[in-house]
Amino acid sequence: MTQTSLRIALLTYSTKPRGSVVHTLDLAQALADLGHAVCVFALDKDGKGLYRDVGFKAYAVPAEPFCVSDEQGSGKGIDQLIKQRIGEFVAFFEQHDDTYDVYHAQDCLSANALAALKARGKIRSFVRTVHHIEAFKSPYLQDCQEKSIYQSDRCLCVSAVWQRVLKQEYGLDAHRVINGVSRRFSSERNGSEVELAQSYGLAEAAGPIYLTVGGIEPRKNSLRLLKAFGAVWRQHPGAKLVIAGGATLFDYQDYRREFMALAAMEGLEDALVLSGVVPDEDLPVLYRLADAFVFPSVQEGWGLVVLEAIASGLPVLTSHQAPFTEFLSAASALLIDPEDVNAIARGMADIIRSETAQQLIHHSRPILEHYRWEKSATMHLALYRQLVSTTRKDYA
């Protein structure tokens, strides 16, 4: 018997390309390709809409500017910002006439909005994907995170490590789903590489080009990566470190200032390419311009960018810890201690050796077949249908 199509609302906290946002859009496209009526709702802070074109319905939820006053301080300011963003989501849905079979939040901010809507009787249930769990200093933020988990009707996660954390620390049996990798990431060159290399200042690079994606922030281990790159740069003065991305809800200006001060002290400013948020059409090409992908992150939900790098034909250096060790081995990636600057530097020096790079590329390519968005969408649909069936019985 043919199953009916579902009306699915997916919520995400930004229109910019962060990991959970990319996950949301790629999952939405895969669900739409399977014949479901998908709609994405994303908080839009600059009025520019989603960072890329999509083949499904999407709403840019207006998010007003927020300024932290001296009286608020940075801690209280971020609490007020989160309250404002949750309120903007709630206000939008209070005026939104369409209804959906499934409401699915991809972060704690949008999940708190759905919890508020459920408490008001606007929706019956909602799903929450926990990509990772933060150790917030703010009691308010910590409470928001916990509410987003406990008050959801179904919790999903994309890695075994966070599935275990949810069981051990929250007593929840979360359902495991997978990430995928878009087929637009490829090692095949299309002729646009030369122009892009010039626009990013890479055309005249006289040494290896290292790429990382995610911006400058503590979780990405940017300071240790910079220190390690400095050691490599002294051996290869023509080397470049490209840091792409950076759109995040939180303000890491103090950490960024420390990063820039260190770069100046070590004389590395000209060796760095800080691109900020990269246009969507440029990102696959930027991967192909690099010689290696370096990602010594200390905390990730999964690491979508690692899959993108592998699909782009790059050797990968990343942290010897979960979730990376759930899908990578010593044969498919250089796995290092992310807290050891010397280990990162040794890995960066080793990964540009032709023999090492080719072996890593050869062993990593087969991983991609296990992570496709079509498979992820199918897993989500099974869980959605179970929840819809249970909810209808409860309200019958």
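A residue counts as partly exposed when its relative accessible area falls between the buried limit of 20% and the exposed limit of 50%. The legends below describe close-up views of a predicted model.

**View 1. Glu-266 in the loop between α8 and β10.** This loop joins α8 (253–265) to β10 (272–276), and Glu-266 lies in it. Because its relative accessible area is 32%, Glu-266 is classed as partly exposed. Leaving aside residues up to four places away in sequence, Glu-266 touches Trp-233 and Arg-234.

**View 2. Helix α7 against helix α11.** Helix α7 covers residues 222–235 and helix α11 covers residues 341–351; their axes come within 8 Å and cross at roughly 50 degrees. That angle makes α7 oblique to α11. The crossing of α7 past α11 is right-handed. On the α7 side the contact involves Arg-224, Leu-225, Lys-227, Ala-228, Phe-229, Ala-231 and Val-232, and on the α11 side Val-341, Ile-344, Ala-345, Met-348 and Ala-349. By class, these residues are 10 nonpolar and two charged, with no polar ones.

**View 3. Asn-221 in the loop between β8 and α7.** The loop that holds Asn-221 runs between β8 (209–213) and α7. Most residues other than glycine have a negative phi. Asn-221 is not a glycine, yet has a positive phi of about 65 degrees. With a relative accessibility of 3%, Asn-221 counts as buried.

**View 4. Helix α4 against helix α5.** The axes of α4 (residues 139–150) and α5 (residues 160–170) come within 13 Å, and they cross at roughly 100 degrees. The two helices are therefore roughly perpendicular to each other. Residues Gln-142, Gln-145, Glu-146, Ile-149 and Tyr-150 of α4 meet Leu-166, Glu-169 and Tyr-170 of α5. This contact of α4 with α5 is made up of four nonpolar, two polar and two charged residues.

View 5. Helix α1 comprises 15 residues, 19–33, and at 1.5 Å a residue should span 21 Å; the C-alpha atoms at its ends are 21 Å apart, in agreement. The helix is mostly covered, with 11 of its 15 residues buried. Among the buried residues are Val-21, Val-22, His-23, Asp-26 and Ala-30. Just after α1, Gly-35 has a positive phi of about 100 degrees.

**View 6. Leu-31 and its surroundings.** Leu-31 lies in helix α1. At a relative accessible area of 0%, Leu-31 is buried. Not counting residues up to four places away in sequence, Leu-31 touches Ile-8, Leu-10, His-36, Val-38, Ala-377, Leu-381 and Tyr-384. The C-alpha atoms of Leu-31 and Glu-374 are 343 residues apart along the chain and separated by 7.7 Å in the model.

View 7. Most peptide bonds are trans. The bond from Ala-322 to Pro-323 is cis, and its omega is near 10 degrees. Pro-323 is found in the loop that runs between β12 (316–319) and β13 (334–336).

How values were computed. Residues are numbered from 1 along each chain as its sequence is written. This is a predicted model: local features need pLDDT of at least 70, side-chain atom pairs count only at pLDDT 80 or more; totals for chains, interfaces and linings use all residues. Side-chain values use heavy atoms; hydrogens and water are left out. Axes are lines fitted to C-alpha atoms, for helices over the stretch in contact, and angles run from 0 to 180 degrees between N-to-C directions. Helices (H or I, at least four residues) and strands (E, at least two) are DSSP runs, numbered from the N terminus. Angles under 35 degrees count as roughly parallel, over 145 as roughly antiparallel, 65 to 115 as roughly perpendicular and the rest as oblique. A crossing is left-handed if the near helix is turned anticlockwise from the far one by less than a right angle, and right-handed if clockwise. Contact means heavy atoms within 4.5 Å. Ala, Val, Leu, Ile, Met, Phe, Trp, Tyr, Cys and Pro count as nonpolar, Asp, Glu, Lys and Arg as charged, and the others, Gly among them, as polar. The expected span of a helix is 1.5 Å times one less than its number of residues. Buried means under 20% relative accessible area, exposed over 50%, partly exposed in between (1.4 Å probe, protein chains only).
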